[in-house]
Each structure stands twice: as structure tokens, then as C-alpha cells.
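Trainee: Could we go through a structure together, feature by feature, with the general idea placed before each case?

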Amino acid sequence: MTLARQSRRVDILASTLGTGGAERVVEALARGLPALGYPVRICCIYGPGEIGGVLIRDGIPVRHGLARFRFDPFVFPRLLRFLGGGGERILLCADHHAAVFSGALAARVAGAETARDLVVG
């Protein structure tokens, strides 16, 4: 089976997409994976950040503002709504503590096929 024939959606979860190494990797994935047949959506728990703003401007789906404040107790149900929907999906959690913790838990509840940590050091 070739990559183009797979239909898994890739959801990328980050706290925010400021400027940094992990954020640049997320940007490269968001731009490159659709050409391989993997639709991509990005979710920033807080604001989109500088790189997130560029991706939004370029038409890449970026949802942001799930947490209204640092310890928002409603971020989890908002994240579940983001992850909902049919089909197989892969969740990549950028190396941000809020994204890794919330993403791993939400992926299990939402039934994401796999959850991986994207660690750029």
C-alpha cells in the first residue's frame, strides 16, 4: 500500500506555535503531509503564535484558543470535540507539556488510532 492510498488524518497538537525548532517541524509537516495523501489539522491549546499565524494565512487549518486561561478545566472537552469525527487519525503531540498530557489522554478517549510524541531537542 502506498502512502497516497492511506486516508488517515493527521492532527497535530501544540501549546502554541511561536518560533522554535519544534514549531518549524510542525510547519514542515503541515505543508508536506497533504502531498503524501495525509490531510493535516493543527490545534494550538493557547494562541496560534507567529508560525501558526503564517499557517493560517496560507490556508492551513489551525484551531487555537482551546484554553481560555492556563489551567482551564474545559480544555479537555474542547480538545475531544476537535479530535472527534469519523475516520482513522494519527495524533502528533509537539513537545509541550500541555499538549503531550492533554493529547495523550484525549486521544485514548476519542479513539485516535495512534498517539505519538513529536520531540525535537
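**Burial, cores and charge**

Mentor: In helix 3, which spans residues 75-83, the buried residues are V75, R78, L79, F82 and L83. Please keep in mind throughout that this is a predicted model.

Trainee: Where do the buried residues of helix 3 fall when seen down its axis?

Mentor: They fall within an arc of 135 degrees, so they line one face of helix 3. R81 is also found in helix 3, but R81 counts as exposed because its relative accessibility is 60%, and exposed means over 50%. In space R81 and A106 are 9.6 Å apart, C-alpha to C-alpha, although 25 residues separate them in sequence.

Trainee: Which residues touch the most other members of the largest nonpolar core?

Mentor: In soluble globular proteins, nonpolar side chains tend to be buried together. Here the largest nonpolar core has 18 residues, and those touching the most other members are V10, I12, L17, V26, V40, I42 and L55. Two or more residues come from each of strand 1 (9-14), helix 1 (21-32), strand 2 (40-44), helix 2 (49-57) and strand 4 (89-94). Another core, of 15 residues, lies apart from it, with C43, L66, F82 and A99 among them.

Trainee: How far away is the nearest side chain of opposite charge from E23?

Mentor: E23, which is found in helix 1, is buried yet has no salt bridge, and that nearest side chain, R24, is 7.5 Å away. Leaving aside neighbours within four places in sequence, E23 is in contact with T16, L17, G18, I51 and H96.

Note on methods. Residues are numbered from 1 along each chain as its sequence is written. This is a predicted model: local features need pLDDT of at least 70, side-chain atom pairs count only at pLDDT 80 or more; totals for chains, interfaces and linings use all residues. Side-chain values use heavy atoms; hydrogens and water are left out. Buried means under 20% relative accessible area, exposed over 50%, partly exposed in between (1.4 Å probe, protein chains only). Helices (H or I, at least four residues) and strands (E, at least two) are DSSP runs, numbered from the N terminus. The arc is that of the directions from the helix axis to the C-beta atoms. A nonpolar core is a set of buried Ala, Val, Leu, Ile, Met, Phe, Trp, Tyr and Cys residues joined through side-chain atoms within 4.5 Å. Lys and Arg count as positive and Asp and Glu as negative; His and the chain ends are not counted. A salt bridge is a side-chain nitrogen of Lys or Arg within 4 Å of a carboxyl oxygen of Asp or Glu. Contact means heavy atoms within 4.5 Å.
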